[in-house]
Amino acid sequence: MTQTLPMAGPAVPTNAVGLSRKDYTGAPSTLCQGCGHNSISSQIIAACYEMNVVPEGMLKFSGIGCSSKSPTYFLNRSFGFNGLHGRMPSVATGAMFADTTLQAIGVSGDGDTASIGMGQFKHIVRRNVDMVYIIENNGVYGLTKGQFSATAEVGLELKKQGVNQYMPIDICMEAIASNATFVARSFAGDPKQAKELIKAAIAHNGIAVLDIISPCVTFNNQENAYHSYTWGKDHEAPLHELSYIPARDEILIEDIEPGGTQEVTLHDGSTIVLKKLEKDYNPTHRWEALKMLEEAQRENWLVTGLIYVEPQKPAFTESFNLVDTPLNRLTEADLRPARETMAKVNAWMF
Amino acid sequence: MNKIVNDFSITVGTVNGSGSSTANNTILRAIFKMGIPVSGKNLFPSNIQGQPTWYTIRVNKDGYTGRSEAREIVVAINPATFARELDAVAPGGAFFYADDIKQPITRSDITAYAMPIKQLIREQKEVPPKLHDLVGNMVYVGILAQMIGMDLEKIYAALDFHFKRREKPTMMNFNAVKAGADWAKANLTKNDPFVLEPMTKTDGMIMADGNTAAALGAIYGGVQFEAWYPITPATSLAESLNDYLPTLRKREDGKRTYAIVQAEDELAALGMSIGAGWGGLRSMTSTSGPGLSLMTEFAGLAYYAEVPVVIWDVQRIGPSTGLPTRTSQGDLTFAAFIGHGDSQSVILLPGDVYECFEFGWKAFDLAERLQTPIFVLSDLDIGMNQWMSKPFEYPSTPMDRGKVLSEKDIEELKGNWGRYLDKDGDGIPYRTLPGNRHPMSAYFTRGTGHDEQARYTEEAPVFQRVLERLKKKHKTAKQYVPAPILHETRGAEIGILAYGSTESAVQEARAQLAATGLRSSLMRVRALPFSKEVDKFLEKYDQIVVIEMNRDGQMYQLLCMDYPALAPKFRSVAFQDGLPASAKWVREGILNNYEGRKMKDEVKKKTAKKSIKKPPVKKKSAKKASDKRGAKK
């Protein structure tokens, strides 16, 4: 039942599961023209199409805010749950027990994750729930018209708000501090990298935190603002050139300069190939990752790429030793103890 | 001296964290095994060690096991509360105290027995010194056993049960009991009237606490997911799931059909439970008042997005942190309207341990049938105390998984379905579950305004239509929720409406009132919304007295709202001090509110005074009078 629904017209290109790009789209976006979030939705669609994801096998989650509206704009054929402000993690954590063969993408914002939802964010990371957790990070509250968020840089000046007094929260640093198993940062203005990272995040077993700087064109896109397109383009410092290679594809060694690459093999056998740029960076060292983020903050670099990965740690539901059948397909025969146990239970009481 | 047989209460005053709960439970269980109706209520502080704590045991041959305010037998082990315990003994009562408390016995209207607990336990060579205090508690059990006629064999059975058939601790404790009994036999002369004599009234019954019962009920209801956060008095519910699930849901392949998650707080606990309920699992959480406060926003989401989930609230007394270890029925109106905007909750009100089990499984059927959160309001008294109970009964009906569409169903409908469409006219829509592989099965769940297809909408009539359907669904719930329990008396002058753990106290008060000529009928309500049986009862009686353990008369408020035309005949008897209901306050509360024709003389006078003497005062002067009272203060 995963085939494309019959359609009139000329044949459209399809992927390995027989679906066209259209099968991955959602409702038209109602966000502002040029919003970074729309570009991320497009990359989610592209990544899922290229990875041959079956939409019915993917769940979508979000909290509240501009970013959290976006799951309506991709994967129409996937179940979605747009919950409460800052509470996406708990809903997703519970839902993932229903059928552990399903994958999940969650979309949150900087307010949703780093302010009202910080507690739940840290705990879903700590539990290593198997899902992609995207933060569409623009440093500002959009739906309520332009207040500072917790990721806004100190000194940022916004209309009606004045000057921000506080140091920003670095979501990647928070994720690493909570023992995340996959942490990456990208930039909505760098769609190619964002797509590769989304693919790798989907393939990763466990929580994959993707902090994507996603400019708010309406409230926080001034040239000197750290979450603007201009600042991002001027200050982006990619850690490496990154490509995701699915498990069945052979890596063509001759394409890659010897000595300048590192490969990270994910749980499902797929690979992330990291091509060295100016500096060496090894994303499998937690301490190095924190040090690098600290340096980037001091030097005002927008560091992007795979910051930290630990591919082999078991995901949350794996530690529960669950039956192979999805829990939500079990019936009374599986769930209700047999009638003869009742007498035994009564005997256990005094 | 006339004997008083099987009709008294025992209060043990000790220090918490001293291991006395084993001793007190042993007394309770031994009396239960002697066939005598009995209850035990632990009145304990919110503290781990060192604070005063009381355990009250009510022995009653007629089966009235509500808390009694009289303390016929008092056991005093705590020096800090010695004087208070001594004062509390009923005239003619018996006072057992540890003889190392060097305080004077200032009363001559009671019998005092000094107990050499420390000395006797030191003589027990098998008891290591570090266990002297702990096992020492068994000495007073033995002395009491000898003095009131508790069967030592039954005490052994209770210890054997408590120590899970392990011989060494059982024997060590039992020997301390025997040492106490032997010493009392040789050294004490009985001067009080209280004795136990075996009966057969508990034959076939079990003894359990409500939280264990609720967990077991949930297991027979097929629980698959529970997320929870530790809070007194609900903690043992979740822990009991952990205790019993591995055995009761054991499979040959050793794999599990359920998951229990300890969440980071109650917000997350309900959030996870809602996620799992949305995913199609039989999902629950368990908490108490402060936790329910945190769950409010998620409860509103589950109501509006129509997600099945079961929420157990083992009530303790609020507001705020309140008294974490004291019982209450104070969360009723909060649960009934939980969340901002218009919302109405389906609430179950178990009255005892048996119903905790029964509602444990039924709540899942209701949640999935009605696609809404089901609140089960138990309380600390039911949840944490040991109650006599009928044995648990295997669920009488197969699981009701509600309206769920499979891949096949969607195929047959050719994808033509709407998540929030009222296809059957009962207000309950159909849902699909994540993992359904049909390309037309998915829908987008949201707490924002939605249409029948679950799409976002701000269209006024559409929004209103969905909200009105939810109201209709709430009406439909009336036919599914547990019916009230009715105890009718021929010629009853008043109707008493009560719920939850107060029933035993209410029944006892009814018997006392009937003995003085005031006959009453009782309806114990077991769910919200009120079903047609409640309508009938309220219409039938000229006066309805509503009994409950809270300050403001919350059930009374709900009844006034649902039955405005009948409200003038409702009277509220609400009382709340953190202690379980007693027949005394129920009786007095009823008498204070009784305005019927065949009333007792003094009540007649009192009411007559009220209605005749009260002059028709003008508003102005009434205000003056109250100002004066205020000034005096």
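The model is predicted: local features need pLDDT of at least 70, side-chain atom pairs count only at pLDDT 80 or more, and totals for chains, interfaces and linings use all residues, while side-chain values use heavy atoms, with hydrogens and water left out. Residues are numbered from 1 along each chain as its sequence is written, with chains lettered from A and ligands numbered from 1 in the order in which they are written. The predictor gives the complex an ipTM of 0.95 and a pTM of 0.93.

**Confidence in chain B**

- The average pLDDT of chain B is 93; pLDDT is the predictor's confidence in each residue, from 0 to 100.
- In chain B, 94% of the residues score at least 70.

**Chain A overall**

- Helices (H or I, at least four residues) and strands (E, at least two) are DSSP runs, numbered from the N terminus.
- The radius of gyration of chain A is 22 Å, close to the 20 Å that the globule rule gives for 350 residues, so chain A is as compact as a globular protein of that length. This radius is taken over C-alpha atoms, and the globule rule is 2.2 Å times the number of residues to the power 0.38.
- The C-alpha trace of chain A spans about 70 × 55 × 50 Å along its principal axes.
- Of its 350 residues, 56% count as buried. Buried means under 20% relative accessible area, exposed over 50%, and partly exposed in between (1.4 Å probe, protein chains only).
- Among chain A contacts between residues at least 6 apart in sequence, 70% join residues at least 24 apart.

**Chain B overall**

- Buried residues make up 60% of the 633 residues in chain B.
- Among chain B contacts between residues at least 6 apart in sequence, 75% join residues at least 24 apart.

**Nonpolar cores**

- The largest nonpolar core has 108 residues. Such a core is a set of buried Ala, Val, Leu, Ile, Met, Phe, Trp, Tyr and Cys residues joined through side-chain atoms within 4.5 Å.
- The residues with the most contacts inside this core are Phe61(A), Ile307(A), Leu538(B), Met555(B) and Leu559(B).
- Not counting residues up to four places away in sequence, Met555(B) touches residues including Leu332(B), Tyr499(B), Phe530(B) and Glu548(B).
- A second, separate core has 63 residues, including Ala30(B), Val89(B), Ile143(B) and Leu159(B).

**Helix 1 of chain B**

- Helix 1 (residues 20-33) of chain B has 14 residues.
- From first C-alpha to last, the helix reaches 20 Å, close to the 20 Å expected at 1.5 Å a residue. The expected span is 1.5 Å times one less than the number of residues.
- Because 12 of its 14 residues are buried, helix 1 of chain B is largely enclosed by the rest of the structure.
- Among the buried residues are Ser20(B), Arg29(B), Ala30(B) and Phe32(B).
- Gly35(B) follows helix 1 of chain B and has a positive phi, near 85 degrees.

**Salt bridges**

- Over all chains, the structure holds 49 salt bridges. A salt bridge is a side-chain nitrogen of Lys or Arg within 4 Å of a carboxyl oxygen of Asp or Glu.
- Lys584(B) pairs with Glu69(B) in a salt bridge, with the closest N and O atoms 3.8 Å apart. This pair links distant parts of the chain, 515 residues apart. Lys584(B) counts as partly exposed at 37% relative accessibility, and Glu69(B) counts as partly exposed at 38%.
- Arg369(B) and Asp400(B) meet in a salt bridge at 2.9 Å, N to O. Arg369(B) is in helix 12 (residues 353-370) of chain B, 31 residues from Asp400(B). At 17% relative accessibility, Arg369(B) counts as buried.
- Asp422(B) and Lys472(B) form a salt bridge, their closest N and O atoms being 2.7 Å apart. Asp422(B) lies in the loop between helix 14 and strand 18 (444-446) of chain B and Lys472(B) in helix 15 (residues 460-477), so the pair ties together parts 50 residues apart in sequence.
- A network of salt bridges links Arg282(B), Asp365(B), Glu368(B), Arg401(B) and Arg431(B).

Conventions: Contact means heavy atoms within 4.5 Å.
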